[in-house]
Amino acid sequence: VKRFASSETSRNRYSVARLAAESDSRFIDLICTNFHECGLRYDTDAVRRLAADYFASGRMSDYHPDPLGAEPARTAVSDYYKAAGLTVEQEQIVITASASESYSHLFSALLSSGDQVLLPRPSYPLFEEIAVRAGVEPRYYDQHVKRNWAIDPDDIVRVVEPETAAIVIVSPNNPTGYILSDDEIRAIGEICARNDMLLIHDEVFSEYRYGEDACGGLPRPAALCRNVNTAAINGVSKLLAAPDLKVSWMAVDGPDRSTIVEQLAISNDLFLSASPVNQQIVARLLAGSDKLTGRIVAEVGLRRDALIDAVAGCPALTMVPPRGGIHAVLTVDAGSLRGGMDDESIAIALLEKCRVGLHPGYLYGIEDQTALVVSFLPPREYIRNGMKRVCDFLS
Ligand SMILES: Cc1ncc(COP(=O)(O)O)c(C=O)c1O
């Protein structure tokens, strides 16, 4: 078909180098974020039993989809928040198939064409793409490595315009590992209240918190900004290391929550993407998830320690220790940047010469050309060996 003949999907230099590196048995992927490939998964026997229960119960011939999602799944999510000290009724929850899909519903059902959404920078490139496809204009507020990624509310005030309809906070953050404090969230809540903005909290890494941040609860807008409309995005892809079960949710709160939920339900009803089988399985899995999540987060915490040790032993690199999430930003010392190399050329050289995969920082909107993004989801020996290659190369 002519209309689609000239799509711009040609490969860039990084992806060509990446493909070549992947075919080499020595390749170490230090940007892998696939829990299963990194050896982290839920109890497959338990899932098999729960699936068998679903089919044995005859529910499969009784398909009555609810646009908000299956009631047992919403109750399990409500209980998840209850355990975290937050009251979120099941009427406030909308089940989707993925966090990405939740973003899509929020942007397309609640925002209008021409509206702006404020996104953190750096951040995962996904949100920008979804916003653009929903006809919403992405704008940015910056988080700086020099401030250990802390947010300055004045930076946000400066970029708010009359068209700004929503702001996204990602906490714990991908890729910085930053966790917003109560004060930062309250300050952002005040900006939202003054400007009638929706506050979207991407909390998909809610349980992936380390060190002091593991103690106490995750600071959440729903608890801290009661006078603001908020939507939390979460799901089992990270929470239960179950990206394949495709069950996520939006938890809506604030003065207009009924209207917002209604709009989201209409949008969700167009697709009904989350499978009833999986919602049933997730409802049961979530109920006893503390141990499973605790085990996975403890293991990822050890992998984070391995990354921190590796960076400490490499004079060419610095890193703000990630407080949460599964990513970190490495800053390459300017003196180690040979002959005009930038983040992209380093990432390509690491693929071509060392067979190690990392992302250049520009993919996440980091503009200073000295940043590389690493994941600490891979096993510890991968992190140690991969980071040694990176360090040897830069030295
Ligand atoms: C911060 C953040 N939000 C959302 C997503 C998308 O999650 P999902 O796989 O549930 O669509 C990701 C994916 O890694 C992410 O890092």
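This is a predicted model: local features need pLDDT of at least 70, side-chain atom pairs count only at pLDDT 80 or more; totals for chains, interfaces and linings use all residues.
Residues are numbered from 1 along each chain as its sequence is written, and side-chain values use heavy atoms, with hydrogens and water left out.

**Exercise 1.** Determine how the axes of helix H1 (residues 13–22) and helix H13 (residues 343–354) are arranged.

*Solution.* Step one: the two axes, which are lines fitted to C-alpha atoms over the stretch in contact, with angles from 0 to 180 degrees between N-to-C directions, come within 8 Å and cross at roughly 15°. Helices here are DSSP runs (H or I, at least four residues), and strands are runs of E with at least two, numbered from the N terminus.

Step two: H1 and H13 are therefore roughly parallel to each other, a term for angles under 35 degrees.

Step three: the contact (heavy atoms within 4.5 Å) involves Arg 13, Tyr 14, Ala 17, Arg 18 and Ala 21 of H1, which meet Glu 344, Ala 347, Ile 348, Leu 351 and Glu 352 of H13.

Step four: by class, these residues comprise six nonpolar, no polar and four charged, where Ala, Val, Leu, Ile, Met, Phe, Trp, Tyr, Cys and Pro count as nonpolar, Asp, Glu, Lys and Arg as charged, and the others, Gly among them, as polar.

**Exercise 2.** Describe the lining of the largest cavity by residue class.

*Solution.* The lining has nine nonpolar, two polar and three charged residues.

Methods
Angles under 35 degrees count as roughly parallel, over 145 as roughly antiparallel, 65 to 115 as roughly perpendicular and the rest as oblique.
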